[in-house]
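Hi,

Here is the structure I promised to pass on. Have a look at it first, and my notes on pockets, cavities and helix packing follow below.

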Amino acid sequence: MASRRYHQIDLLRALACVMVLAFHYLHRGHMEGWVPFAAPVALESIAKFGYLGVQLFFAISGFVIYLSAQGASPRAFAASRAARLYPAFWASVVLTTLVVRWGDMPSLVVPWRDVLLNFTMVAHWFGADFVDWAYWSLAVEFHFYIMVWLLLRFDLMRHIKVLMAGWLLVSLANFVRPAYPVEFLLEVQWAPLFCVGISAYLMRGGDRSKMIHALFFSAAALSVAYAYAQAAHIKAFDRTDLMLVVALASAIPALFWLISRHQFEISGNQVLYWAATLTYPVYLLHEYIGYVLMTHLARAGLAPELCVLLVVAVVWLAAYGVHVYLERPLSKVIRRVVAGG
């Protein structure tokens, strides 16, 4: 399998993670009543767009997962994904469950049956609630990985452009008239973002065909259309907010266009390496644990800004511990077991 590291992708990972943290800590947490203080208006007015960090993650995934599938057997691909995803995820399910139950916030607690089903990463298949609502995006990613595995299993990767065209057509049809079964099974709402990443990877590798350009720009346009439609249902968003959503959503394919043309190149360093490496466990740990900790710190009399800073520090430290002491050793075991060697 391909293993080259793209430092610009590391930077985008870190940016997406910061966007999501800002959205939850400075906007959604207080809006939903899980954080007992509001962020300053200036910060909140920016942080409310942070949910678009998840869309950025999906585009990154399209690029990186297609890269990781190059030259991989179906079993090797499954082993790499399982080793990458499950160790930190299992640890986060346990930690989140313990903290939420200790924190005495009943609205965040899910039944023990649902907790157990969360260990599969696809609790929604069984009608169970996620231990942390941020996990919904992992379920989307899981579906995408299954699709890539199927392409490997049936030797269809060489037809990737035709398959992307079909995926985007189904996505367009769903945009015009949503069909939940199709939307659920094929993740067509997010297909344009995955296709942006895949197309950018192919163009960066030298594909300059008319078809790949058509796929990229079609995926870009459709991803922005979905972002606008989603934002239009947010009651608190006015016309200016909607225009900002369009601008930010358009920036995602724009960045990948620059990557595809080798016009967005940066050098790596230790700070960037660790920031990117820890984005996954940070994402897994931050939301509900963050709400609980901020609530208790606020009750103890700490200033809101200090609550947020302390929680961010705690979450990143916890993510470091999960990565070093659980994710690294367990991933080797899982990879060996799944790969069969």
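Let me start with the second largest pocket: H1 gives the largest share of its lining, six residues. Helix names like that one come from DSSP runs numbered from the N terminus (H or I, at least four residues; strands would be E, at least two). Before you go further, this is a predicted model, so local features need pLDDT of at least 70 and side-chain atom pairs count only at pLDDT 80 or more, while totals for chains, interfaces and linings use all residues. Residues are numbered from 1 along each chain as its sequence is written, and side-chain values use heavy atoms, with hydrogens and water left out.

**Pockets**

The search runs on a 1 Å grid over the protein atoms alone; a pocket is an open set of points with protein on both sides within 12 Å along at least five of seven lines, a cavity is a set where a 1.4 Å probe fits but cannot get out, and lining residues have an atom within 4 Å of a point. Points are joined across faces, edges and corners, and a volume is the space filled by probe spheres set on the points.

Back to the second largest pocket, which has a volume of about 800 Å³. It is lined by 30 residues, and Trp-133, Trp-136, Gln-189, Trp-190 and Gln-230 are the closest to its centre. Two or more lining residues come from each of H1, H3, H6, helix H8 (180–186) and H13. By class, this lining has 18 nonpolar, six polar and six charged residues. For the classes, Ala, Val, Leu, Ile, Met, Phe, Trp, Tyr, Cys and Pro count as nonpolar, Asp, Glu, Lys and Arg as charged, and the others, Gly among them, as polar.

The largest pocket has a volume of about 1,200 Å³. Among its 40 lining residues, Arg-5, Arg-13, Val-64, Arg-81 and Arg-84 lie nearest the centre. H1, helix H3 (52–69), helix H4 (74–102), helix H6 (136–153), H12, helix H13 (279–299) and helix H14 (304–339) each give two or more residues to that lining. H3 provides the largest share, nine residues. The lining of the largest pocket divides into 20 nonpolar, nine polar and eleven charged residues.

**Cavities**

How many cavities of 30 Å³ or more does a search of the whole structure find? It finds two.

The largest cavity holds about 90 Å³ of space. Its lining includes Leu-52, Gln-55, Gln-189, Trp-190, Tyr-226 and Gln-230. H10 supplies the largest share of this lining, four residues, and H3, helix H9 (191–204), H10 and H11 each supply at least two. There are eight nonpolar, four polar and no charged residues around the largest cavity.

The second largest cavity holds about 60 Å³. Thr-96, Thr-97, Val-100, Arg-101, Leu-108, Val-109, Val-110, Val-115 and Val-131 line it. Here H4 gives the largest share, four residues. The classes are six nonpolar, two polar and one charged.

**Helix packing**

Axes are lines fitted to C-alpha atoms, for helices over the stretch in contact, and angles run from 0 to 180 degrees between N-to-C directions. Contact means heavy atoms within 4.5 Å.

H9 and H10 pack at an angle of about 150°, with their axes 8 Å apart. H9 is therefore roughly antiparallel to H10 (over 145 degrees; under 35 is roughly parallel, 65 to 115 roughly perpendicular, the rest oblique). The crossing is left-handed, meaning that the near helix is turned anticlockwise from the far one by less than a right angle, with clockwise being right-handed. This contact of H9 with H10 has 14 nonpolar, three polar and no charged residues.

Helix H10 (residues 210–232) also packs with helix H11 (residues 239–260), at about 155° and with the axes 9 Å apart. That makes H10 roughly antiparallel to H11, and their crossing is right-handed. Of the contact residues, 16 are nonpolar, two polar and none charged.

Lastly, the axes of helix H1 (residues 7–31) and helix H12 (residues 270–277) come within 8 Å and cross at roughly 55°. H1 and H12 are therefore oblique to each other. His-7, Asp-10, Leu-11, Arg-13 and Ala-14 of H1 make the contact with Leu-272, Ala-275 and Ala-276 of H12.

Cheers
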